[in-house]
Amino acid sequence: KERAALIAADGVATAVVGSVIATLALPVALVGATHLIANPWIIVHHRAKKAGELLASILLERQHGHRPVTLMGFSTGARLIFCCLAALADAGPEAKGLVESAFIVGGAMNADPGRWSRCRSIVSHRLVNAFNEDDLVLALLFRANSLKVGSVAGLQPVDVAGVENLDLKEICPGKTGHSQYRGRAAEIFAAMGVGVNSCDVLVSN
């Protein structure tokens with residue numbers, strides 16, 4: 001089987017999510033305090049984009065060899081992968097065949113069909129968007145940064161031909177399902193039809 005690279009959300013993102021969960025324990029009147037975590041979230045958001053662009057450049061240089069890779073990540077790790085795909089799409093024909101499949105879980109990025117279509121064009125096999133519409137953690141993070149919650153891929157299906165959508169509501173139930181992605185990774189992988197044992201797992205922390 002082709003080698004695969006599994007990229008999980010980094011430690012900074014985990015810390016931010018932990019802060020959000022703590023916020024959810026407060027009375028509803030204090031939910032406005034999410035502005036306290038806005039700056040860390042913005043920093044992680046931008047770093048994920050930069051890291052995705054860097055990953056794209058590494059893949060284009062074929063430092064991994066000539067076999068196609070499979071990318072997988074959740075939360076800001078998913079954003080990293082999405083930004084990598086976007087950068088590869090910008091690179092043109094030389095990027096064709098580099099990515100076999102990409103699995104995006106609880107993605108912290110826009111669900112804009114145009115952007116997803118471009119990313120789909122660079123993936124030769126499967127592009128999966130795993131979402132949970134009850135994910136209050138992700139919703140609050142986007143609200144804290146004045147972004148449009150209704151267009152977040154991690155909260156809804158992506159309506160683009162060739163993009164598979166997987167609802168994680170049963171696997172990661174509740175308003176804090178976002179924090180369950182790491183602990184229930186095996187169940188999520190199984191639901192997506194991914195054989196973890198066939199992967200070379202790279203976890204960024």
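**Exercises on a predicted model**

Arg-126 counts as buried, since its relative accessibility is 18% and the cut-off for buried is under 20%. The model in which this value was computed is a predicted one.

**Exercise 1.** Determine which residue meets Arg-126 in a salt bridge, and where the two partners lie.

*Solution.* Step 1: the side chain of Arg-126 meets that of Glu-164, with 2.8 Å from N to O.

**Exercise 2.** Classify both partners of the salt bridge between Arg-118 and Asp-90 as buried, partly exposed or exposed.

*Solution.* Step 1: the closest N and O atoms of Arg-118 and Asp-90 are 2.1 Å apart. Arg-118 is in helix 4 (residues 113–122) and Asp-90 in helix 3 (residues 76–91), 28 residues apart. Step 2: the limit for exposed is over 50%. Step 3: Asp-90, at 59% relative accessibility, is therefore exposed, whereas Arg-118, at 35%, is partly exposed.

**Exercise 3.** Locate the salt bridge partners Lys-169 and Glu-133 in the chain.

*Solution.* Step 1: the closest N and O atoms of this pair are 2.7 Å apart. Step 2: Lys-169 sits in the loop between strand 5 and helix 6 (185–192), and Glu-133 in the loop between strand 4 and helix 5 (136–144). Step 3: Lys-169 is partly exposed at 30%, and Glu-133 is partly exposed at 48%.

Conventions: Residues numbered from 1 in each chain as written. Predicted model: local features only at pLDDT ≥ 70, side-chain atom pairs only at ≥ 80, totals over all residues. Heavy atoms only, no water. Salt bridge = Lys/Arg side-chain N within 4 Å of Asp/Glu carboxyl O. Helix = DSSP H or I, 4+ residues; strand = E, 2+ residues; numbered from the N terminus. Buried < 20%, exposed > 50% of the residue type's maximum accessible area, 1.4 Å probe, protein only.
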